[in-house]
Amino acid sequence: MRETPSEFIQRYGISAEYGFLPDTAPLQRLPDVYYQPWETLAENLAELIKRDVIRTKIEHLPILGTGQLQTDAEWRRAYVVLGFLTHAYIWGGERPAERLPPQLSCPFLAVSKYLGLPPTALFSTLSLLNFGLKTPGSDRTNPDNLKSLFSFTNTKDEEWFYMVSTAIEATGGPLILTMLRCIQAVNDCDDNLILACLGTLTEGIREIENILKRMHEHCDPQVFYHNIRPFCAGSKGMAAAGLPNGVFYDEGEGRGQWRQYSGGSNAQSSLIQLLDIFLAVQHHETGESNNHHAKAQGEGTDPDGYLKEMRNYMPPSHRDFLAQVERMSNLRGYVSQPTASMEVQEAYNDATAALTRLRNSHIQIVARYIVMPSRSPPAAYIVQRKGANLATACSTQPAGKGQDDASVTRQLHGTGGTSVMPFLKRTRDETREAVIQVHVS
């Protein structure tokens, strides 16, 4: 008797209802009073950053061990607390800190090793494990019902930015079983079930796009660009922002090493990568793309390599799940056959077109929240932090001699360290290229 899709996802700790989100909302705090020093700082993080005392407070922490962490939920809570404290320490001063003190390095490295995740703030830190419900039992697919547990700025803008991503993950949760059932239906040559699954998937992607389009409701582009985004940046590809060598994780007694990590990025969403895998969207190595414009411009953005690297920023069970589905994925081969029905081919193209539109909407949001603010002075209501960070590094003067607006835009880097607009446009174009020619019978 073969394994059902529900049994299959259970092996990887994935929820049938919420997908890659945990079934139970994350802990509100660590229960052992031993960790109160961490919790106190995390609770007052925005105020400590604002008063420019966060680094001093962290340097006066005791070096706490991980022996009091009991459940997986506690280990995950510790990971998120330490991720926020780490990024607050690195980016919370006039200049980024190139050394992370043992008070953070030692426990963060231990917790990260236990969870199989990098010691940095990533997509899981900001969205998957950083939410609570305003009302118990409320719908996670509506960002209005969600609250963030941690914040660098204590603004509605930051909370909304994180919770839109959380709601997207919740909305996409049931689609995981839909895709697995479709893979099974292909094995069974069950066109009716394939059509039903693809219709459900297309509608689900549209719902995800609609949630993404709600970003403007409570997240101001200027607040995001100047006050929130700099704290989400990693330590990789951040030379222009003041971290040419990354960050030295000081473990005390002369031990430690320089490390470079990408920051939080939507490319670390297992859900979005799963959609690509299921639909067999091919992201090419640099130079292999059919997008001649990208090659002509010399945009050294490598979607395939970067997206594969981003799997290292996902929980191990999630990355293992993606690898297994990659081996099972069979839809495109089936719908590309000359014998495939026109209805099935059109349903596949509808799903691919929906994913292309989702990526178009993402590009429009990046243009509004990153490209446009980078080209103009901060609004009068923005209180800018002095010194170097991702915002000051990416904000440019008007295009100089030999530069046009497009070339300036190509220089803008995301929190993950990539050249943001070329990367997004290439992944969008490669999604569009996945559409197949429908055989007219």
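Biologist: How many residues does the largest nonpolar core have?

Modeller: In soluble globular proteins, nonpolar side chains tend to be buried together. Here the largest nonpolar core has 131 residues, and Phe321 and Leu331 have the most contacts inside it. Helix 8 (residues 156–187) gives the most to this core, with 16 residues. Such a core is a set of buried Ala, Val, Leu, Ile, Met, Phe, Trp, Tyr and Cys residues joined through side-chain atoms within 4.5 Å, where buried means under 20% relative accessible area (1.4 Å probe, protein chains only). Helices (H or I, at least four residues) and strands (E, at least two) are DSSP runs, numbered from the N terminus.

This is a predicted model, in which local features need pLDDT of at least 70 and side-chain atom pairs count only at pLDDT 80 or more, while totals for chains, interfaces and linings use all residues. Residues are numbered from 1 along each chain as its sequence is written, and side-chain values use heavy atoms, with hydrogens and water left out.

Biologist: Which residues is Phe321 in contact with, leaving aside its neighbours within four places in sequence?

Modeller: Contact means heavy atoms within 4.5 Å. Among the partners of Phe321 are Phe8, Tyr12, Ile176 and Leu274.

Biologist: At what angle do helix 16 and helix 19 pack?

Modeller: Two packed helices are described by the angle between their axes and the distance between the axes. Helix 16 (residues 342–374) and helix 19 (residues 420–432) pack at about 165°, with axes 8 Å apart. Helix 16 and helix 19 are therefore roughly antiparallel, a term for angles over 145 degrees. Residues of helix 16 including Leu355 and Ile363 meet residues of helix 19 including Leu424 and Arg428.

Key
Buried < 20%, exposed > 50% of the residue type's maximum accessible area, 1.4 Å probe, protein only. Axes fitted to C-alpha atoms, helices over the stretch in contact; angles between N-to-C directions. Parallel < 35°, antiparallel > 145°, perpendicular 65-115°, else oblique.
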